[in-house]
Amino acid sequence: MSTYTVTIPEDSEVFGATTGGFARFEYSAAVRAHGLLFIAGQVGYRPDGSLPETIEEQTEWVLRRTEEILRIEGLAMSDLVEVVSYHPDMQEHLAGFLETKKRFVKEPFPAWSMIGVSGLARPEFLLEVRAVAAYPDRAAR
């Protein structure tokens, strides 16, 4: 199996100072394999490394980071085929999450699972999202 690791450029306007986290925690932002792009869980850091306090802002940054990884690979949000979001307090934050999400995710919608969890890596994280995108089928062009 041939895989390719996606590297986020250090001068990324969306990731900014947070690109060092991939090396520090020893994981890839995304990996391409078998025509699919597997995007690691994204959290709502701003480029300066600060974390917004609201679910709306964290959702925006999570989806902007996901969108940036897709862009680096020549893909778009419409290429997502599966998304899983993890919510430590889904009841409190669901409305704000859904309102912000609809600005980024349009039809055709990916398969999406929303999972309530007891916690994420930091208590300040209100959301984490991982995703899988499919590269266009060259034969279908």
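The model is a predicted one, and its protein chain has 3 helices and 6 strands. Read from the N terminus, these elements follow the order β-α-β-β-α-β-α-β-β. The radius of gyration of the protein chain is 15 Å, close to the 14 Å that the globule rule gives for 141 residues, so the chain is as compact as a globular protein of that length.

**Overall dimensions, burial and surface**

- Taken along the principal axes, the box filled by the C-alpha atoms of the protein chain is roughly 45 × 35 × 25 Å.
- Buried residues make up 42% of the 141 residues of the protein chain.
- The protein chain carries 14 positive and 21 negative side chains, and a distance of 4 Å lies between the centres of the two sets.

**Aromatic pairs**

- A pair of aromatic rings is described by the distance of the centres and the angle of the planes.
- Searching the whole structure gives 2 aromatic pairs.
- One of them is formed by Tyr45 and Phe125, an edge-to-face pair with 5.6 Å from centre to centre and 85° between the planes.
- This pair links distant parts of the chain, 80 residues apart, with Tyr45 in the loop between strand E3 (36-42) and helix H2 (55-72), and Phe125 in the loop between strand E5 (111-116) and strand E6 (128-134).
- Tyr45 and Phe125 are both buried.
- Phe97 and Trp112 also form an edge-to-face pair, in which the centres are 6.1 Å apart and the planes make an angle of 65°.
- Here too the pair links distant parts of the chain, since Phe97 belongs to helix H3 (residues 90-104) and Trp112 to strand E5, 15 residues apart.
- Phe97 has a relative accessible area of 1% and is therefore buried, the cut-off for that class being under 20%.
- Trp112, at 21% relative accessibility, counts as partly exposed, because that class lies between the buried limit of 20% and the exposed limit of 50%.

**Backbone features in the loops**

- Glu107 and Pro108 are joined by a cis peptide bond, with omega at about 0°, and Pro108 is found in the loop between H3 and E5.
- Glu26, a residue other than glycine, has a positive phi near 55°.
- Glu26 is placed in the loop between helix H1 (20-24) and strand E2 (30-33), and its relative accessibility of 72% means that Glu26 counts as exposed.
- His34 likewise has a positive phi, near 50°, in a residue other than glycine.
- With a relative accessible area of 62%, His34 is exposed, because the exposed class covers values over 50%.

Terms used: Residues numbered from 1 in each chain as written. Predicted model: local features only at pLDDT ≥ 70, side-chain atom pairs only at ≥ 80, totals over all residues. Heavy atoms only, no water. Helix = DSSP H or I, 4+ residues; strand = E, 2+ residues; numbered from the N terminus. Rg over C-alpha atoms; globule rule 2.2 N^0.38 Å. Buried < 20%, exposed > 50% of the residue type's maximum accessible area, 1.4 Å probe, protein only. Lys, Arg positive; Asp, Glu negative; His and termini not counted. Charge placed at Lys NZ, Arg CZ, Asp CG, Glu CD. Phe/Tyr/Trp six-rings, centres within 6.5 Å; stacked < 30°, edge-to-face > 60°.
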